[in-house]
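Biologist: I would like to learn how to read the packing of helices and strands in a model, one feature at a time. Could you take me through it with the structure shown below?

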Amino acid sequence: MLFTERLYFADPYLRSFSARVVARDVRHGHPAVALDQSAFYPEGGGQPADGGTLNGIGVVDVQADGDLVWHMLAAELPDDTIEGTIDWDRRFDHMQQHLGQHLLSASFEHCYGIPTVSFHLGGTASTIDLATATLDDRQAATVEDVVNAVVWEDRPVLARFVTAEELSSLALRKPPVVNGAVRVVSVPDFDHSACGGTHPRSTGGVGIVHIRRWERRGATIRVEFVCGGRALRDLRWKNAALGRLAATLSCGTGELDVALARLRAAEEAARKGLEVAHERLRGYAARELAAGAARVGGIPVVRQVIEGTVADGRALATALADAGCLAIIGVTGAKTQLVLAATATLGVDCAALLRAALAVSGGRGGGTATLAQGGVDSAASLAQAIDAALAELERWPGRQ
Ligand SMILES: [Zn+2]
């Protein structure tokens with residue numbers, strides 16, 4: 001009966017080991033070997049597989065299959081005896097996140113009776129899903145304080161296999177998913193979990209546990225957290241980012257809130273000032289254009305093409321109408337539009353003129369006798385459309 005002795009059960013700090021190849025295969029497109037013993041952790045229980053090398057050949061994945069642990073390799077491994085080395089930085093990072101998760105889940109139980117329903121150890125951050133519909137800042141801070149107190153007390157982490165009778169006497173936070181002998185990982189007076197993963201030998205190895213954020217996911221709350229080295233890198237990155245922001249705003253990091261509020265207020269005031277200035281500018285432009293209006297069929301007409309938004313076109317057309325003209329404004333920009341405006345006293349029908357224009361250029365639109373607008377199919381046909389509107393004006397019944 002082939003069997004792999006899992007060395008990480010007894011010593012999760014074992015980084016290198018000697019072993020014998022007991023089986024060979026090709027798995028997921030990679031040459032794969034099973035060993036008589038291995039310190040490599042196979043993916044499972046929310047913890048990713050270890051990386052590392054066997055006789056210098058990269059291990060790309062590790063999977064358990066029955067009693068064997070299979071090592072998927074980057075290249076063919078000809079030897080039958082090997083020296084294995086695990087990627088310790090990766091493994092210890094996983095150990096920190098994994099034990100941090102035990103402690104965090106136990107804290108949520110102890111503080112608020114909230115159970116954890118799932119755990120995911122990700123590449124940069126990890127998550128637990130909590131069986132609760134709500135979580136607030138105060139609760140998260142309390143849980144964080146409790147979990148870090150246990151980390152700093154540096155309590156031992158005990159892992160042992162227990163029988164079914166012993167198991168029934170333990171109040172397990174996380175029940176076993178395997179049959180037979182069950183491995184229980186305990187932090188005295190805090191947590192007992194059925195777990196086959198790797199953990200630091202004492203809680204101090206976790207360093208620190210920090211809840212980064214949380215969000216509602218259906219009936220659960222997903223909490224994102226970082227432990228140990230990841231928390232340090234997170235802090236380093238955030239400090240640098242805050243420092244850059246503060247330097248940009250010429251203030252201390254503690255004054256960022258105030259500086260940003262001031263910046264937003266100044267921006268809002270500038271935006272409003274600009275709006276007023278635009279409005280006045282449009283008025284001047286409209287009066288200047290109205291002074292040079294051509295007369296078509298006895299009506300003062302301003303035709304003009306501007307670049308901008310539909311709102312810009314409408315504002316100019318309305319200003320020209322107020323100045324006593326029929327305005328025929330083409331707008332080029334993200335969309336090509338035609339806007340016509342006139343006061344009722346001129347007695348023209350802007351909607352009818354627009355229809356005549358769009359019949360020539362193609363496009364859709366509509367409006368009233370005093371304001372009409374429509375989209376022109378192409379910028380190239382805009383001049384044609386304006387000419388068509390003017391031609392229609394000349395044909396206007398009752399106007400000579
Ligand atoms: Zn565990």
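**Reading helix packing and sheets**

Modeller: Let us start with a helix contact, in which Arg282, Gly283, Ala285, Ala286, Leu289 and Ala290 of α6 meet Ala315, Leu316, Ala319 and Leu320 of α7. By class, this contact of α6 with α7 holds eight nonpolar, one polar and one charged residues. Please keep in mind throughout that this is a predicted model.

Biologist: How do α6 and α7 pack, and at what angle?

Modeller: Two packed helices are described by the angle between their axes and the distance between the axes. Here helix α6 (residues 256-291) and helix α7 (residues 310-322) pack at an angle of about 55°, with the axes 9 Å apart. That angle makes α6 oblique to α7, and α6 passes α7 in a right-handed crossing.

Biologist: At roughly what angle do the axes of α2 and α3 cross?

Modeller: The axes of helix α2 (residues 88-112) and helix α3 (residues 137-152) cross at roughly 120° and come within 9 Å. Angles from 65 to 115 degrees would count as roughly perpendicular and those over 145 as roughly antiparallel, and therefore α2 and α3 are oblique to each other. The crossing in which α2 passes α3 is right-handed.

Biologist: Which residues of α2 meet which residues of α3?

Modeller: From α2, the residues are Leu103, Leu104, Ser107, Phe108, His110, Cys111 and Tyr112, and they meet Gln139, Thr142, Val143, Val146, Val147, Val150 and Val151 of α3. The residues of this contact divide into 10 nonpolar, four polar and no charged.

Biologist: Turning to sheets, in what order do the strands of the closed barrel run?

Modeller: Strands of a sheet pair through backbone hydrogen bonds, either parallel or antiparallel. The closed barrel has six strands in the order β2-β3-β7-β6-β5-β8, with antiparallel pairing, and its neighbouring strands are turned by 45° against each other on average, direction ignored.

Biologist: Which strands stand at the edges of the open sheet, and why is one side of each left without a neighbour?

Modeller: The open sheet has four strands in the order β9-β10-β15-β14, again with antiparallel pairing. Its edges are β9 (116-121) and β14 (209-217), and because each has a single partner strand, one side of each is left without a neighbour in the sheet. Neighbouring strands of this sheet are turned by 20° against each other on average, direction ignored. Eight bridges link β14 with strand β15 (residues 220-227), and Arg217 is partnered by Thr220 of β15. Helix α5 (residues 228-248) packs on the sheet, touching β14 and β15, and its direction makes about 85° with that of β15.

Biologist: Is the pairing of β17 with β18 parallel or antiparallel?

Modeller: Seven bridges join β17 to strand β18 (residues 326-332), and these two run parallel, with Gln304 having Ile329 of β18 as its bridge partner. By contrast, strand β16 (residues 294-296) is joined by three bridges to strand β17 (residues 299-307) in an antiparallel sense, and Ala294 stands opposite Val301 in β17.

Biologist: Which residue takes a positive phi in the hairpin of β16 and β17?

Modeller: Gly297 takes a positive phi near 55° in that hairpin, which has two residues between the strands.

Technical notes: Residues are numbered from 1 along each chain as its sequence is written. This is a predicted model: local features need pLDDT of at least 70, side-chain atom pairs count only at pLDDT 80 or more; totals for chains, interfaces and linings use all residues. Axes are lines fitted to C-alpha atoms, for helices over the stretch in contact, and angles run from 0 to 180 degrees between N-to-C directions. Angles under 35 degrees count as roughly parallel, over 145 as roughly antiparallel, 65 to 115 as roughly perpendicular and the rest as oblique. A crossing is left-handed if the near helix is turned anticlockwise from the far one by less than a right angle, and right-handed if clockwise. Two residues are in contact if their C-beta atoms, placed from the backbone, lie within 7 Å. Ala, Val, Leu, Ile, Met, Phe, Trp, Tyr, Cys and Pro count as nonpolar, Asp, Glu, Lys and Arg as charged, and the others, Gly among them, as polar. Two strands pair if DSSP finds at least two bridges between them.
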